[in-house]
Amino acid sequence: MQRVAKARGDLALRRHSEAIAFLVMTGLLVVAPTFAYPVFLMKALCFALFACAFNLLIGFVGLLSFGHALFFGWASYIAAHAAKVWGFPPELAILSGAATAAGLGAIVGALAIRRQGIYFAMITLALAQMMYFFAVQAPFTHGEDGIQAVPRGKLFGFIDLADQSNMYIMVLVIFLGCFLLIYRIINSPFGEVLKAIRENEPRAISLGYKSERYKLVAFVLSATFAGVAGATKALVFQLASLTDVDWPMSGEVILMTLVGGLGTLFGPVAGAFFMVTLENYLTTIGQWVFVVQGVIFVVCVLLFRRGIIGELAQVLRVKL
Amino acid sequence: MKRLFTLTAVAVVFGCGCAQAQYTDGTIKIGVMNDMSGTYADLSGQGSVIAARMAVEDFGAAAKGMKVEIVGADHQNKPDVGSNVVRTWIDVDKVDVIVDVPTSSVALAVNEIVRDKNKVFLVSGAAASDLTGPKCTPNTIHWTYDTWALANGTGKAIVKTGGDTWFFLTADYAFGHALERDTAAVVEKNGGKVLGKVRHPFPGTDFSSFLLQAQASKAKIIGLANAGSDTINSIKQASEFGITSGGQNLAALLAFITDVHALGLQTAQGLIMTEAWYWDLNDANREFTKKFAPQDKGVHPTMVHAGVYSAVTHYLKAVEALKSDADGKAVVAKMKEMPTDDKLFGKGVVRADGRKIHPMYLFEVKKPSESKAPWDYYKLRATIPADEAFRPLAEGGCPLVKS
């Protein structure tokens, strides 16, 4: 009798594993500023959102984009420019960044989804590099110097974001909102079709789904979320620079997703926190940064290929 | 929380303030941030931390009862990493002064943060002349060199020493354009002639067609208005085409002795460049180098390292005079008020816009046969006196100058 009850409890736990994990994550993020530095947390949150956006594409549609820095970086440029030069309030600056990313996503997506696998990756990379060189040349980006001293402004006209805790709350709300939205997308009928395309595209087509349209919509959504992340980051650091549009950034987001767990809901968040923490705490050890990062990546690929969260889910036998 | 902390800090300071000088949390904390793993690791990197430490030792901080601590960090040439490090340093670790910071995007970001938090920023590694121009702040001093000084020094001194016809090889982005424009203006103002220019993509790998155009122009000087790996690659390929052995000279507008070391004399010979400091220039420099090199794996100090030493020395003097490091603006004002004097840069001043003034030197890289010892790389071609070396105060557009 007891055993049955326990089993039932277990089952309930399993069924709600994602909800529980979400509550744990939210709880942790709410109390985090008391023991960690807020700017660092905000940076991690921006990258977590970026990785989630990327994961939406690779984890649930199976499309490996190698040009996601394009959306992240350009959204941060547009948001920074809007806030600094046009005097937009922060919410509009972020929206304009996201809209830019969506527009770019539609163009790049429409071109890239005609091809698959390595060709898809190469087209996204090529277009991203094209836009990188545009960022190098365009006068409003200030080339190497980047857009500096971007004002954080007042949210909705009355919440002063220069205050660190207000800024943190805003970033947290944006992150959680987008995270839930991504969760909703993945678990909608639309998301099911995406997963079907990932598993067997010809079969999805034979069932009557116009796979190209689904892929394009997924691509634009992913680009938009990446844009929200980039635009938010521009306000957090009050700068937009070439680092965010350059190709190593596209690589970094792949790394975050892989380390965290490809195709899991929480994996990219864990991966992003892990990588940003590394990057942050390794700043004091000088030239060993890349060696340590490389070793961790190799260990990860060799020993736990499902990523941190993927392995955890496997051990606990739950969906995360 | 933060307010509580400040209050406590204030209380602590007042509580024991009667005893000694009032340094925030009892310690002067120097944060050396630069590139420790990438392109600029040799010319700044760990060496700057060593230079800062040597400055503190030579100043005799311990004997004077000043507790000085040095921390180092790698910004990986990413403005967001640098910005994060500096914010954490200032807010959590109570760092009082940020030193070095090559890479202009990172330096400009740090410039803003340090102004907001009222600390001190001593730039040695970054080149952007905007730091003492439109973006100058009452908290920043630009110590060693800047793009204007390099363009001016190289352009003017070369023309005066006979290099009167020029051809530019320019990296095709804002930084390259600015360098080319500034240098070309100086060349023409001093009676030289610009025969032509060509722009190469940034970053570039194959410079052959551009170099052939430069060769065909018959200009005496080929000006390299680029930086980092572009400069290295164009020098290498120019050597393969035998451009310098054909009688033309390359003038690098942004290069360091560590670049010459990496290229080797065979490749770099005949290269002309401007620097603020060279280790073999006088006895004091040689003595400093003798102590420095063993600590930095044999790497001889660059002008950036020397600048860090000099800047930290002057900072400590100002703090000693004020008996406080709490107010960044006050410390910088004191540094501007006191004339500078240290063994590496000699006597000098810090101008109202935050520009440190000292002579600059035009060097030519020796032929392998002329070099007698390791790191014996330069011969002095001209000295640019301190009053001509930097951009005139009125031309920078620094808002501090008007007031």
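**View 1. The largest nonpolar core of this predicted model has 233 residues.** Welcome to the centre of the picture: the residues with the most contacts inside this core are Ala48(A), Leu49(A), Phe50(A), Ala79(A), Phe225(A) and Val312(B). Helix 3 of chain A, residues 38-58, supplies the largest share of the core, 18 residues. On the chain B side, domain 1 (2-14 + 21-145 + 282-358) and domain 2 (148-275 + 359-389) both give residues to the core, so it lies between them.

**View 2. Here is a closer look at Leu49(A), one of the core residues with the most contacts.** Setting aside residues up to four places away in sequence, Leu49(A) touches Phe175(A), Cys178(A), Phe225(A), Val228(A) and Ala229(A). One of these partners, Phe225(A), is itself listed among the residues with the most contacts inside the core.

**View 3. Chain B meets chain A through 28 residues of chain B and 26 residues of chain A.** Several elements of chain B give two or more residues to the side that touches chain A: strand 2 (68-74), helix 3 (79-91), helix 4 (104-117) and helix 6 (174-189). By residue class, the side of chain B that touches chain A divides into 14 nonpolar, 9 polar and 5 charged residues.

**View 4. Two domains of chain B come into contact, with 13 residues of domain 1 touching 13 residues of domain 2.** On the side of domain 1 that touches domain 2, the residues divide into 6 nonpolar, 6 polar and 1 charged. The domain assignment of chain B builds each domain from separate stretches: 2-14, 21-145 and 282-358 for domain 1, and 148-275 and 359-389 for domain 2. Taken over C-alpha atoms, the centres of the two domains are 30 Å apart.

**View 5. Three strands of chain B form an open sheet in the order 11-12-13, with antiparallel pairing.** Strand 11 (340-342) and strand 13 (356-357) of chain B are the edge strands, and each pairs on one side only. Strand 12 of chain B, residues 346-350, is joined to strand 13 by 2 bridges, and these two strands run antiparallel. To find your way along this pairing, look for Val349(B), whose bridge partner in strand 13 is Ile357(B).

Terms used: Residues numbered from 1 in each chain as written. Chains lettered and ligands numbered in written order. Predicted model: local features only at pLDDT ≥ 70, side-chain atom pairs only at ≥ 80, totals over all residues. Contact = placed C-beta atoms within 7 Å. Helix = DSSP H or I, 4+ residues; strand = E, 2+ residues; numbered from the N terminus. Nonpolar A, V, L, I, M, F, W, Y, C, P; charged D, E, K, R; others polar. Pairing = 2+ DSSP bridges. Domains from an automatic or database assignment. Core = buried A, V, L, I, M, F, W, Y, C linked by C-beta atoms within 7 Å. Buried ≥ 20, exposed ≤ 12 C-beta atoms within 10 Å, placed from the backbone.
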